[in-house]
Amino acid sequence: MGIFSKKPEGNYTCEMHPEVHMDSPGKCPKCSMRLVQSKYTGKKSTPAAGKRGGCC
């Protein structure tokens, strides 16, 4: 199981209130900031090449 256990509802979220998810762009109901497209990918991030620990 990775960092994300399930896909958040909706494709748009508030940068200040990540628990807010909407299916379409608009404004956050809590602070009226513009909703941005979610960066959720459904995958854990992997370390960059050469940064896997150990030597070399």
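Select Lys30 first. Lys30 counts as exposed, at 53% relative accessibility; here buried means under 20% relative accessible area, exposed over 50%, and partly exposed in between, with a 1.4 Å probe and protein chains only. The model is a predicted one, in which local features need pLDDT of at least 70 and side-chain atom pairs count only at pLDDT 80 or more, while totals for chains, interfaces and linings use all residues. Residues are numbered from 1 along each chain as its sequence is written, and side-chain values use heavy atoms, with hydrogens and water left out.

**Around Lys30**

Lys30 sits in the loop between β2 and β3. Strands are DSSP runs (E, at least two residues), as helices are (H or I, at least four), and they are numbered from the N terminus. Show the contacts of Lys30, a contact being heavy atoms within 4.5 Å. With neighbours within four places in sequence left aside, Lys30 is in contact with His17, Glu19 and Val20. Val20 is 10 residues from Lys30 along the chain, and their C-alpha atoms are separated by 8.5 Å.

Glu19 belongs to the loop between β1 (12–13) and β2 (21–22), and Lys30 to the loop between β2 and β3 (36–37), so the pair ties together parts that are 11 residues apart in sequence. The side chains of Lys30 and Glu19 are also joined by a polar contact of 2.6 Å. A polar contact is a pair of N or O atoms within 3.5 Å; within protein, one must be able to donate a hydrogen and the other to accept it, and residues adjacent in sequence count only if both atoms are side-chain atoms. Glu19 is partly exposed, with a relative accessible area of 49%. A search of the whole structure finds one salt bridge.

Check the backbone here: phi of Ser32 is near 70 degrees, a positive value in a residue other than glycine. Most residues other than glycine have a negative phi. Ser32 counts as partly exposed, at 49% relative accessibility.

Select Cys14, Cys28 and Cys31. How many disulfides are there? The count comes to zero, with a disulfide taken as a pair of cysteine sulfur atoms within 2.5 Å. For Cys28, the closest cysteine sulfur is that of Cys14, 3.7 Å away and too far for a bond. Cys28 is buried, with a relative accessible area of 2%. Cys31 is in no disulfide either, and the nearest cysteine sulfur, that of Cys14, is 3.8 Å away. Cys31 is partly exposed, with a relative accessible area of 30%.

**The sheet**

Colour by secondary structure. The protein chain has zero helices and three strands, and along the sequence the pattern is β-β-β. The three strands form an open sheet in the order β2-β1-β3, with antiparallel pairing. Two strands pair if DSSP finds at least two bridges between them. The edge strands are β2 and β3, each of which pairs on one side only. β1 and β2 run antiparallel and are joined by two bridges.

Select Thr13 in strand β1. Opposite Thr13 stands His21 in β2. Is Thr13 buried or exposed? Thr13 is buried, with a relative accessible area of 13%. Not counting residues up to four places away in sequence, Thr13 touches Pro18, Val20, His21, Leu35, Val36 and Ser38. The side chain of Thr13 reaches the backbone oxygen of Pro18 at 3.4 Å.

Next, select Met22, found in strand β2. Met22 and Tyr12 are 10 residues apart in sequence, and their C-alpha atoms are 5.1 Å apart in space. Met22 counts as partly exposed, at 32% relative accessibility.

**The whole chain**

Clear the selection and show the surface. Buried residues make up 14% of the 56 residues in the protein chain. The chain exposes about 4,900 Å², of which carbon and sulfur atoms supply 53%; the areas come from the Shrake-Rupley method with a 1.4 Å probe, and for residues only the protein chains shown count as cover. Among contacts between residues at least 6 apart in sequence, 24% join residues at least 24 apart.

Notes
A salt bridge is a side-chain nitrogen of Lys or Arg within 4 Å of a carboxyl oxygen of Asp or Glu.
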